[in-house]
Amino acid sequence: MERLKLVLQYFQSNSESISNGICIILALVSVKLYTSFDFNCPCLPQYNKLYSLGVMIVPPIILFFLGVLVNRHTGVMMDEWMRPVGNRSKNPAVVKYLVSAMIQRALLAPMVWILVTLLDGKIFICAFSLSVDPALFSGAPNNTGLDMIKIMAKVPCKEDVIFRNSSFRKAVSRYVRCYSQAVGWSTLLFLIILGAMGRLIKPCFDDHASFLQTRYWSNYLDVEQKLFDETCVLHARDFARKCVVQFFEDMREDTILRLQHPPFIFNSKEGWEEEEDRLHGITKQDQMNQLLKKWYYSKPELDVTRIAHRPKPCVTWEDLEGEILYSDV
Amino acid sequence: MDKFRMMFQFLQSNQESFMNGICGIMALASAHMYSAFEFNCPCMPEYNYTYSTGLLIVPPIWFFLLGFVLNNNVSVLAEEWRRPTGSRTKDPTILRYMLCSVTQRSLIAPAVWVSVTLMDGKSFLCAFSINLDIEKFGNYSFVRQMSETEKIKLLARIPCKDLFEHEELRVAASRYIKCISQACGWIFLFMITFTAFLIRAIRPCFTQAAFLKTKYWSHYIDIERKMFDETCKEHAKSFAKVCIHQYFENISGEMQSLHHHPASKDDGEDDDRSDEDKLLGIRAQNDMNKVLWNWHTSKPALALRKNFDGENNEKLNGKMNGTINGLANGHACDMEKKEWAVYYSKV
């Protein structure tokens with residue numbers, strides 16, 4: 001349990017590592033989505049390309065928006081960008097840093113989807129089987145009465161009748177798939193080179209000192225917002241407690257007046273003082289019923305000034321000569 | 001301070017992540033239910049469309065309502081909406097905020113169901129197989145010779161594998177309709193994500209300050225309700241403890257309990273004193289039987305006396321207690337008054 005707490009604390013202390021974690025989870029979700037999605041090429045000349053390119057482009061856009069949505073930094077960045085200047089000057093470099101960090105993280109899941117589709121090859125086969133020159137391959141079925149375009153359009157569909165006894169379909173698929181995988185690997189290589197170059201060259205152009213500053217202040221903004229939310233929650237809790245206790249004690253004041261007796265600070269058996277305190281002076285069924293009824297019909301106003309600034313008894317210790325040794329006043 | 005932070009984080013994350021957890025569980029349940037459900041197209045022209053559209057629409061509505069039922073905030077919202085104004089003004093923006101947050105969470109499971117249904121394609125196939133144009137898929141001359149009703153009946157049987165003879169046509173048609181279904185599914189997902197993106201990313205441009213206020217006060221209402229329940233529980237516990245304690249005192253007689261009270265001077269015999277005290281003067285079997293009998297036949301009134309056991313105020317207390325008892329416990333304990341009187345007359 002202790003170890004779990006430590007791990008949680010570590011992750012929550014560093015907001016960047018939370019964002020990285022979420023980013024990686026989204027990439028895994030993207031892979032899982034692709035494997036569970038039942039790709040269904042229409043095998044018709046007019047619709048093949050449209051369908052395949054749609055499946056290759058629309059999900060990455062969705063994943064990008066999702067990545068921006070679940071990132072905490074989006075809220076922080078929008079707040080910082082849109083806030084009025086007030087007493088705190090605005091630093092555009094911080095906003096730029098937050099935007100670039102957010103976009104980089106959001107682009108990971110779409111990239112993963114595109115790479116997985118390219119390396120798998122189904123989508124390329126569906127889209128570009130029409131563009132292949134059938135003369136390159138032997139065994140094209142020519143007794144079906146369909147024109148060549150329609151036959152090529154049917155290549156992505158394994159179970160189609162016309163390809164039953166020929167290896168034509170497999171040959172064309174393999175050919176297009178090679179292309180697809182080549183494009184996939186090249187894209188991956190290109191991205192990695194881009195990332196590496198960016199990392200290596202950036203210090204030459206950017207001022208590292210100001211980069212450290214922007215990074216510090218963007219992290220600060222994130223932590224500040226988190227702490228503000230936490231403080232609000234704690235405050236609401238205290239406020240609610242005091243409001244409720246004040247409500248109970250307000251009902252009590254009536255009781256004391258009826259009894260015509262001021263409350264004593266009495267020296268009773270141990271433990272009972274605490275119990276009596278928790279009663280807040282409500283000691284009868286009628287009182288309790290009235291309290292519960294009033295809670296619904298007329299909730300107390302949101303003002304706990306009385307209980308927050310209640311006078312406390314102050315003790316003054318004097319020695320035998322009357323000299324003050326200690327005083328709460 | 002660290003422990004406090006941990007506790008707070010747990011509490012706060014507990015509240016929100018509890019609701020998010022329920023959301024996630026419902027979404028998974030929705031996806032699992034779809035895969036476990038056996039889609040069974042009637043393959044008849046009159047019923048195909050009704051069956052499929054029903055399956056596309058009714059379960060999402062059910063999940064939506066279930067989301068409302070499982071969400072605690074719904075009762076908080078309803079309470080805040082219906083309460084009389086009293087001394088606390090009502091703020092309509094808070095109600096709107098709470099309604100929005102509850103609705104957003106409840107919409108996730110239905111969205112999952114609709115998107116899984118569309119991606120799977122069976123429901124679209126069942127609904128729209130009648131509207132297909134067979135000429136698109138090849139040269140099927142036998143269709144042209146059929147009458148309209150026969151053609152429609154034939155098309156209606158496309159979703160059922162075992163009822164349709166022309167395998168090629170069936171496969172081509174299913175593939176075509178499934179494509180359209182999946183395209184609709186992706187567009188649906190895109191619309192939802194884009195809307196959520198607009199709401200989340202663009203909202204801060206408009207109403208940030210007011211938003212912080214409504215967020216704080218809606219959270220406050222929730223916490224206040226919990227605090228009230230907690231305070232009532234604590235109060236009930238203390239009430240019960242003191243009531244039972246006083247009941248035992250009454251039944252055993254004030255004499256026995258007052259014999260025990262001066263031991264506050266004696267710190268050495270702490271343990272013994274507390275054990276003796278716990279007996280509350282009941283030491284014999286008959287006494288205990290009487291206690292138990294009376295607990296059933298005549299429970300004490302729900303009205304507590306104030307206990308004034310300070311030895312300095314003994315005499316004062318005697319009178320005070322008598323008076324207080326008289327005023328507070330109008331109808332009960334005629335016995336006690338007599339005992340009080342008897343005791344003090346002996347002193």
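Visitor: What makes A:Lys202 count as lying over the face of A:Phe211?

Guide: In this predicted model, A:Lys202 is placed 4.5 Å from the ring centre of A:Phe211. The rule asks for a charge within 6 Å of the centre and within 35 degrees of the ring normal, so A:Lys202 is listed as lying over that face.

Visitor: And how do you know that B:Arg82 lies over the face of B:Trp81?

Guide: Here the distance to the ring centre is 5.9 Å. The limit is 6 Å, so B:Arg82 still qualifies over B:Trp81.

Visitor: Why is the aromatic pair of A:Tyr47 and B:Tyr176 called tilted?

Guide: Their planes make an angle of 50°. Stacked needs under 30 degrees and edge-to-face over 60, so the pair falls under tilted. The centres are 5.5 Å apart, and the cut-off for pairing is 6.5 Å.

Visitor: What makes this a pair that joins two chains?

Guide: A:Tyr47 sits in the loop between α2 and α3 of chain A, while B:Tyr176 belongs to helix α9 of chain B, so the pair links the two.

Visitor: Is B:Tyr176 buried or exposed?

Guide: B:Tyr176 has a relative accessible area of 11%; buried means under 20%, so B:Tyr176 is buried.

Visitor: Then why does A:Tyr47 count as partly exposed?

Guide: Its relative accessibility is 28%.

Visitor: Which residues form one aromatic cluster?

Guide: A:Phe64 and A:Phe65 do, together with B:Phe190, B:Phe194 and B:Phe197.

Conventions
Residues are numbered from 1 along each chain as its sequence is written. Chains are lettered from A and ligands numbered from 1 in the order in which they are written. This is a predicted model: local features need pLDDT of at least 70, side-chain atom pairs count only at pLDDT 80 or more; totals for chains, interfaces and linings use all residues. Side-chain values use heavy atoms; hydrogens and water are left out. Rings of Phe, Tyr and Trp (its six-membered ring) pair if their centres lie within 6.5 Å; planes under 30 degrees apart count as stacked, over 60 as edge-to-face and the rest as tilted. Helices (H or I, at least four residues) and strands (E, at least two) are DSSP runs, numbered from the N terminus. Buried means under 20% relative accessible area, exposed over 50%, partly exposed in between (1.4 Å probe, protein chains only).
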